[in-house]
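Subject: Structure for your review

Hello,

I am passing on the structure we talked about. Please have a look at it first; my notes on what was found follow below.

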Amino acid sequence: MDFANLVAQLNAGTILPEGIIIATLLLVLVGDLIVGRTSSRWTPYVAIAGLLAAVVALYFQWNNPNSISFLGGFNSDSLSVIFRVIIALSAALTILMSVRYVEQSGTSLAEFLVILLTATLGGMFMAGADELVMTYVSFETLGISSYLLTGYMKRDPRSNEAALKYLLIGASSSAIFLYGISLLYGLSGGETRLTAITANILANNVDQSIGLLIALVFVIAGIAFKIAAVPFHQWTPDVYEGSPTPVVAFLSVGSKSAGFALAIRLLVSAFPAVSEQWHFVLAALAILSMLLGNVVALAQTSMKRLLAYSSIGQAGFVMIGLVLGTEAGYASMIFYLLIYLFMNLGGFACIILFTLRTGTDEISEYSGLYQKDPLLTLCLSVCLLSLGGIPPLAGFFGKLYLFWAGWQAGAYWLVLLGLITSVISIYYYIRVVKMMVVKEPEEMSEAVKNYPAVNWNLPGMRPLQVGVVFALVTTSLAGILSNPLFTLANNAVLLTPMLQPTITTIQPAPNPATPGYADLESETKEAIEG
Amino acid sequence: MNLADGVQIVSFGVLALMMLGAALGVVLLENIVYSAFLLGGVFISIAGLYILLNAGFVAAAQVLIYVGAVNVLILFGIMLVNKRQNFVPLRNAWVGKITTAAVCLGLFALLGTMVLATPWAISTAPVAGDTSTVVIGMHFFSDFLLPFELASVLLLMALIGAIVLARREFLPDALEREETQQPVLTLPERPRELASAAPGSPDRTLGTSPTQRNV
């Protein structure tokens, strides 16, 4: 096998978006090294441009007939494309809101951007990883960069505590995940490609063994940590409270979406033999997440902790779509994540703005904000109401589609529970809105009384303004004009062969090695013998 | 049983005993320095098992990475934390210990049953043995190319992250940073105790005149 042949088989064009991001990352890093601290004037925009260029490159990957690349290591099907778009967009929006935040804390911006871009890269590779080693390396890339971002405000004990907690819990969960996938490797007789694992497991007659169940439980534990589903959520509130807020925004959207992408791909393609079991486990996790996330959020006094618990609850809603196992279920999940991207990041942008102006994130300090900053109040209200699912806004349509898909699939109890908990969630979202809007002037909080004049000309404030307004517009319009997003989510599922029922019925193909791989093996043998 | 088999069985027994003893020592000993050195012993015994399995390269990597890097790093960490503190013995600490032991034994029983009960598909391919580096190299540049390259990005980022965490910060002068009032390298949100003590105190808000900060 000569070099040109190998290059053709690698099909490396599928990772062009990731390549663009790596180039951007290096540009930011080297540019900052050469120019010095003044580089913070242009590095965020370079990073955003790179991420948007990656999104454009992803657009051309849509419905790519030849999606499998790197000899089965990476799959750029429509499902992975849509998740990679979500992750890249969440990183771009996060950068918009982090410029001012990072500048004001006196930390260097370029390194922050580099680590954030690496996290994005890890998430994007995780969304398309089709092979166990690739899955694990990208899982760790996302994880380790998240730990670093969490501890970025290194003189703040809260940030240190958050980073340490996240690191310890993350390391143990990734060890458990690794144990689970190593069991899969063993059960399938030494196969790392997800598509071939099931066939091998069936051929080896271990599809009903206790080993496969243990592998399943361990893998779910690793994934549930990433998406912060309930028994594995303990890190969430503390990490969210102690991390820099833009990082929290990225963790709650980008990292979570990557976790969901991994969950779909790994569970659907590697565990069809224990399909009932994983649906059952995930349904339990969804129920627990919805209940605990939404109920505990009622008692929170800090805005960041409130959004931490709310994001646990939202993960529960999204998991309904995952549990259903129907095309509508997956499509509704993607649709909800697309909407969640805008509304949640919008909410975080508003919190960041308020924090930068007043230095606090206590919910009680928001009272009477309407009198001083109507734009901020409007945007935060819209985003929170949308998260709660109030009708004309985007979140309502997302939840409607999820619950409709659940009802169609016969998951009545799950849908009912989702309805009840979303009513609970409306209560705590509305509490914040009420605090901001209807308070009398004399009930205004100290922070709002001392609210500085709105000045968008300070360095780094423009991008934040752009982020806030963009989130406001998309969250209010994406509901009414949701058809393009809806079509996009549906097509992503329809165009993904893995999620089609005809394909998911298992074909007992004995070790379908790709031609390149067979070549390689014979080459290796020759090399060993020679 | 010929001589080679006997040697293998004996060395397996010795290595397994070494590993189990050292691992128990890591967990049970009170002094953390002993634990750290015993951890090195565990790693070396595992490397011995790899050699018994004809995986010489993996054994060498195990010694280099785990004993040479990870364990030395742990020892450095222990020695740099120069804190003498007598811990007050917890009351009812035995409950925690017994629970831990029960959970560990349960997990061991579960995994042990699983290992014995599963009909593992044992590969019939010949063991690569000393040519394993060639095989690993072939994989790195063909079907494991992407994870291999991604790992290099991961290492670059880890390097940058370590520098960010460890370097002495350049703290800008107060003059340059007139518009901000928060202490450098901290979160802009006030800690909760402070927030409730002095709600909205103007000295940390944006837009007011610059006051003395702890730079």
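This is a predicted model: local features need pLDDT of at least 70, side-chain atom pairs count only at pLDDT 80 or more; totals for chains, interfaces and linings use all residues.

Between chain A and chain B, nine residue pairs are in polar contact across the interface, with both partners at pLDDT 80 or more. On the side of chain A that touches chain B, helix H6 (residues 132-150) of chain A gives the largest share, nine residues. By type, the residues on that side of chain A are 39 nonpolar, 27 polar and 19 charged.

The rule also finds two salt bridges across the interface of chain A and chain B. One of them joins Lys304(A) to Glu189(B), with 3.3 Å between the closest N and O atoms.

As for extent, 85 residues of chain A contact 54 residues of chain B. The two chains, A and B, bury about 6,100 Å² between them, and carbon and sulfur atoms account for 71% of it. Of the area that chain A buries against chain B, 10% is supplied by Lys154(A), Arg155(A) and Arg158(A), more than by any other three residues.

A separate item is Thr360(A), which sits in the loop between helix H14 (327-358) and helix H15 (369-372) of chain A. Is Thr360(A) buried or exposed? Thr360(A) counts as buried because its relative accessible area is 1%, and the cut-off is under 20%. The Thr360(A) side chain reaches the backbone nitrogen of Glu362(A) at 3.2 Å.

Regards

Technical notes
Residues are numbered from 1 along each chain as its sequence is written. Chains are lettered from A and ligands numbered from 1 in the order in which they are written. Side-chain values use heavy atoms; hydrogens and water are left out. Contact means heavy atoms within 4.5 Å. Buried area is the accessible area (1.4 Å probe) that two parts lose on being put together, summed over both. A salt bridge is a side-chain nitrogen of Lys or Arg within 4 Å of a carboxyl oxygen of Asp or Glu. A polar contact is a pair of N or O atoms within 3.5 Å; within protein, one must be able to donate a hydrogen and the other to accept it, and residues adjacent in sequence count only if both atoms are side-chain atoms. Helices (H or I, at least four residues) and strands (E, at least two) are DSSP runs, numbered from the N terminus. Ala, Val, Leu, Ile, Met, Phe, Trp, Tyr, Cys and Pro count as nonpolar, Asp, Glu, Lys and Arg as charged, and the others, Gly among them, as polar. Buried means under 20% relative accessible area, exposed over 50%, partly exposed in between (1.4 Å probe, protein chains only).
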